[in-house]
Amino acid sequence: MALVEDVISLLEKQEGLTAREICTALNLEPSREKEVYSALIKASRILKRKGKRLVMQPPRCRKCGVEFDRPNPTKCPRCKSQWIEDARFFID
Ligand SMILES: [Zn+2]
């Protein structure tokens, strides 16, 4: 099965996962987190066709609280902290 389908069926069972948690749940190497992010983008297109929606709870800086619109920031643009709360994904 394609990764994107695995990601969708996982999120249908278990909501609010981060890309890292998706890696763990699907027994993927942590280095494949990037692939999970691109699978999530594909998943959102597939879900749209099914009348569903992939919702992202945006990543947030744990230091200053700023929220990001990109799914995978490495550093806070405001305070330069790397202490980032990962984005979580839901199917709506
Ligand atoms: Zn910050």
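Student: Which residues is isoleucine 91 in contact with, leaving aside its neighbours within four places in sequence?

Tutor: Leu11, Glu12, Glu15, Leu47, Lys52 and Leu54. Two residues are in contact if their C-beta atoms, placed from the backbone, lie within 7 Å. Keep in mind that this is a predicted model, where local features need pLDDT of at least 70, side-chain atom pairs count only at pLDDT 80 or more, and totals for chains, interfaces and linings use all residues. Residues are numbered from 1 along each chain as its sequence is written.

Student: How far is isoleucine 91 from glutamate 15, in sequence and in space?

Tutor: They sit 76 residues apart in sequence, yet 7.0 Å apart in space, C-alpha to C-alpha.

Student: Why is isoleucine 91 called partly exposed?

Tutor: Buried takes 20 or more other C-beta atoms within 10 Å of a residue's own, exposed takes 12 or fewer, and partly exposed is in between, with C-beta atoms placed from the backbone. Isoleucine 91 has 17 such neighbours, so it counts as partly exposed.

Student: What makes a set of residues a nonpolar core?

Tutor: They must be buried Ala, Val, Leu, Ile, Met, Phe, Trp, Tyr or Cys, joined through C-beta atoms within 7 Å. The largest one here has 13 residues, and Phe89 is one of those with the most contacts inside it. Helix α3 gives the largest share, four residues.

Methods
Helix = DSSP H or I, 4+ residues; strand = E, 2+ residues; numbered from the N terminus.
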